Amino acid sequence: MQIYDVSVPISSKLPTWPGDPTISIETASKIEKSAVVHVTSLAIGAHTGTHIDAPWHFLEDGTLIEDISLKVLTGRVYVLDLPTVDLITAKVLEEAEIPPRTRRIIFKTTNSSDG
């Protein structure tokens, strides 16, 4: 099986949802400043960059991300290329030509670049 990494690198340029925490990347220590190692502090919201939304995100009694089997997240996937879309709405999905029996979708939108 071929594996593709579609993760977008985390940077301060990535868009965040209005009201979500902003992205903060700070150097906590540097070797050239007498530290033993380089350490970076990273503060982000859980929905930053490439991520999976657990059902709990939308449903009061939905499944938590740690309870989702990796088997559900691996296998054939349909990439829905939406080059002019930055917000996926019901209308966008209704107008998309998603093949029948599709079980997994990756959305490629204007937010899919690393800024």
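Six nonpolar, two polar and one charged residue make up the lining of the second largest pocket. Here Ala, Val, Leu, Ile, Met, Phe, Trp, Tyr, Cys and Pro count as nonpolar, Asp, Glu, Lys and Arg as charged, and the others, Gly among them, as polar. Before we look around further, please note that this is a predicted model, in which local features need pLDDT of at least 70 and side-chain atom pairs count only at pLDDT 80 or more, while totals for chains, interfaces and linings use all residues. Residues are numbered from 1 along each chain as its sequence is written, and side-chain values use heavy atoms, with hydrogens and water left out.

**Pockets**

A pocket is an open set of points on a 1 Å grid over the protein atoms alone, where a 1.4 Å probe fits and protein lies on both sides within 12 Å along at least five of seven lines; lining residues have an atom within 4 Å of a point. Volume is the space filled by probe spheres set on the points, which are joined across faces, edges and corners.

| Pocket | Volume | Lining by class |
|---|---|---|
| Largest pocket | about 2,100 Å³ | 21 nonpolar, 14 polar, eight charged |
| Second largest pocket | about 160 Å³ | six nonpolar, two polar, one charged |

The largest pocket has 43 lining residues, and T50, H51, I52, I106 and F107 lie nearest its centre. Strand β4 (residues 105–108) gives the most to this lining, with four residues; strands are DSSP runs of E with at least two residues, helices runs of H or I with at least four, numbered from the N terminus. Around the second largest pocket you will find A46, H47, I52, D53, A54, W56, H57, L64 and I65.

**A nonpolar patch**

I52 and I65 also belong to a nonpolar surface patch of about 460 Å², together with L70, V72 and L73. Such a patch joins nonpolar side chains (Val, Leu, Ile, Met, Phe, Trp, Tyr) within 5 Å, from residues with over 30% relative accessible area and no salt bridge. I65 sits in the loop between β2 (39–43) and β3 (78–81).

**Salt bridges**

How many salt bridges does a search of the whole structure find? There are two, each a side-chain nitrogen of Lys or Arg within 4 Å of a carboxyl oxygen of Asp or Glu. E32 pairs with K30, their closest N and O atoms 3.7 Å apart. K91 and E95 meet at 3.8 Å, N to O; both lie in helix α1 (residues 90–95), four residues apart, about one turn of the helix.

Definitions and conventions:
Patch = residues over 30% accessible without salt bridge, like charges linked within 9 Å, V, L, I, M, F, W, Y side chains within 5 Å. Areas by Shrake-Rupley, 256 points an atom, 1.4 Å probe, with all protein chains shown as cover.
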